[in-house]
Amino acid sequence: MMEIITFESLPSTQLYLVAQLKTGALKSPVCVVAKTQSAGVGSRGCRWEQVEEALSFSFALPLEKLPSDVPKQSWSVYFGYLFKESLQNAQVWLKWPNDLYKGEAKIGGVMSQIVRASIVCGIGLNLKARRYSALEGVDKDALLERFLARVQEGIAWAKVLQAYRLEFSQHHRSVFFHHAGAKIPLSDALVLEDGGLQIGEKVYYGAR
C-alpha cells in the first residue's frame, strides 16, 4: 500500500514532494495531498489558481515498479487517462497531453516528472469553483483510493493508448494546444505509438 500524507495547506504538492524526495526526507512510493494549495503549478509552468474546493495531490512511484513500455514523454497521458477512468464520469475527457475537461471546459490538469529513480505525478481537479468549471459531487477519498489502486496495477501502455485513441477521435476535432507560443489545431492529429501527435509532417510531444 502507498503511504498517503495529508496537509491542511501547501504551496504546491508537486514542489513539496519533489523537494522531499531530493533530500531523502520522503521515499517513494508515497502520496502527498493538500486540502488547499496557495501556489499550485499548472500547464507550461503557469500558476494553478486556487478554487473553493479541489482535489490536489502528487504521488511518487519507483520507475522499476511501473510498466516499462510507457514512453518517458507520455507519463502525463498515461496517468491522466487512468485518472479520467477513475472518475467514472462520461462527461470527462483528457485533452492531449495533460488537461482534464468536462465537456468544453477545463476542470483539472496533470503534470509529471522523473526525480532520481521515481516518477512524480501531480493532479489537480476542481470540485467547487465560482470563477472556473468544476466537477461537483465527487467523494475525494474514494476517488484517490480508486486511482492509486489503478496506478499500482501496472496497466500496460498499449492498453491505455488503445482506449485513449478512441477517446481522442471523439473530442479533439475543434481544440488546439500551445506549442512554442503558437496555437496548434488538433483537428487532423494522429496519436502515435509513443503518445506523440503527428500533424501533417510534424510530430509534437507534450512536456512531462
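Leaving aside neighbours within four places in sequence, which residues is Tyr-78 in contact with? They are Pro-67, Val-70, Gly-154, Ile-155, Ala-156, Trp-157 and Val-160, where contact means heavy atoms within 4.5 Å. This is a predicted model: local features need pLDDT of at least 70, side-chain atom pairs count only at pLDDT 80 or more, and totals for chains, interfaces and linings use all residues. Residues are numbered from 1 along each chain as its sequence is written, and side-chain values use heavy atoms, with hydrogens and water left out.

**Nonpolar cores**

- A nonpolar core is a set of buried Ala, Val, Leu, Ile, Met, Phe, Trp, Tyr and Cys residues joined through side-chain atoms within 4.5 Å.
- Buried means under 20% relative accessible area, exposed over 50%, and partly exposed in between (1.4 Å probe, protein chains only).
- The largest core has 51 residues; Phe-57, Phe-59, Tyr-78, Phe-79, Phe-83 and Phe-147 touch the most other members.
- Helix H2 (residues 75-87) gives the most to this core, with eight residues. Helices (H or I, at least four residues) and strands (E, at least two) are DSSP runs, numbered from the N terminus.
- Another core lies apart from it, with twelve residues, among them Ile-5, Leu-17, Val-32 and Ala-60.
- In soluble globular proteins, nonpolar side chains tend to be buried together.

**Aromatic pairs**

- The structure holds 15 aromatic pairs. Rings of Phe, Tyr and Trp (its six-membered ring) pair if their centres lie within 6.5 Å; planes under 30 degrees apart count as stacked, over 60 as edge-to-face and the rest as tilted.
- Phe-57 and Phe-59 are stacked, because their ring centres are 6.4 Å apart and their planes are at 25°. Both residues are buried.
- Phe-59 and Phe-147 pair edge-to-face, at 5.7 Å centre to centre with 70° between the planes.
- That pair links distant parts of the chain: Phe-59 is in strand E5 (residues 53-62) and Phe-147 in helix H3, 88 residues apart. Both are buried.
- Ring pairs link Phe-57, Phe-59, Trp-75, Tyr-78, Phe-79, Phe-83 and Phe-147 into a cluster.

**Charge over a ring**

- Lys-95 lies over the face of Phe-176, 5.2 Å from the ring centre. The criterion is NZ of Lys or CZ of Arg within 6 Å of the ring centre and within 35 degrees of the ring normal.

**Arg-146**

- Arg-146 lies in helix H3 (residues 140-151).
- Its relative accessibility is 30%, so Arg-146 counts as partly exposed.
- Beyond neighbours within four places in sequence, Arg-146 is in contact with Ser-86 and Gln-88.
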